[in-house]
Amino acid sequence: MKKTGENYLERRPKRSDKLSWTADEAGIVTLAIENKGLMNRIAQKFFKKPKISYIHLDELGSFLWQRLDGTKTLLDLGKEVEEQFGDKANPLYERLAKYVQILDSYHFIVLDK
């Protein structure tokens with residue numbers, strides 16, 4: 001059961017330890033996702049699909065990714081994004097919440113309360 005009054009912006013996202021990633025000189029992050037499982041093996045063998053898929057994050061996504069250490073709340077992260085990107089990040093908290101929801105849905109992060 002979900003607690004009433006729980007504020008999503010107080011959650012503390014943390015990068016999954018199961019994911020590999022790198023950042024280039026400009027700070028742009030690339031996630032390396034291993035394609036596991038029977039269906040992926042079949043696709044790799046017969047359709048020449050890669051064993052590893054690479055996801056390249058944009059400037060804002062890369063900035064956030066590097067700060068997802070489980071210590072900062074989404075509210076804290078939003079303040080850092082606002083300082084770095086200003087109006088370019090607006091609508092700030094809507095975008096931030098959606099981005100974190102997407103990362104969570106792919107199990108790229110863990111959301112601590």
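Predicted model: local features only at pLDDT ≥ 70, side-chain atom pairs only at ≥ 80, totals over all residues.

An open sheet is built from three strands in the order 2-3-4, with antiparallel pairing. Strand 2 and strand 4 lie at the edges and have a single partner strand each, so one side of each has no neighbour in the sheet. On average, and ignoring direction, neighbouring strands of this sheet are turned by 20° against each other.

Now for the individual pairings. Strand 2, residues 20-23, runs antiparallel to strand 3 and is linked with it over four bridges. Within strand 3, T30 is the bridge partner of T22, and V29 is the residue opposite A23. The hairpin of these two strands has five residues between them, and G27 there adopts a positive phi near 90°. On the other pairing, strand 3 and strand 4 (residues 52-56) are antiparallel and joined by five bridges. Here E34 sits opposite I52 of strand 4.

Is N35 buried or exposed? Its relative accessibility is 19%, and because the cut-off for buried is under 20%, N35 counts as buried.

Which residues does N35 contact, leaving aside neighbours within four places in sequence? They are N40, Q44, P50, K51, I52 and S53. I52 is also the residue opposite E34 in the strand pairing.

## The nonpolar core

The largest nonpolar core is made of 23 residues. Those with the most contacts inside this core are L31, L64, W65, V81, L103, F108 and I109. Two or more residues each come from strand 3, helix 2 (59-65), helix 3 (74-85), helix 4 (92-105) and strand 5 (109-112). Helix 4 gives the largest share, five residues.

Not counting residues up to four places away in sequence, F108 touches K14, R15, S16, L19, L31, I33, I55, W65 and L103.

## Helix 3 against helix 4

Two packed helices are described by the angle between their axes and the distance between the axes. For helix 3 and helix 4, the axes come within 10 Å and cross at roughly 120°. The two helices are therefore oblique to each other, and their crossing is right-handed.

Which residues meet where helix 3 and helix 4 come together? Helix 3 brings L74, L75, G78, K79, V81 and E82, while helix 4 brings L92, Y93, L96 and V100. V81 is also one of the residues with the most contacts inside the largest nonpolar core.

Technical notes
Residues numbered from 1 in each chain as written. Heavy atoms only, no water. Buried < 20%, exposed > 50% of the residue type's maximum accessible area, 1.4 Å probe, protein only. Contact = heavy atoms within 4.5 Å. Core = buried A, V, L, I, M, F, W, Y, C linked by side-chain atoms within 4.5 Å. Pairing = 2+ DSSP bridges. Axes fitted to C-alpha atoms, helices over the stretch in contact; angles between N-to-C directions. Parallel < 35°, antiparallel > 145°, perpendicular 65-115°, else oblique. Left-handed = near helix turned anticlockwise from the far one by under 90°.
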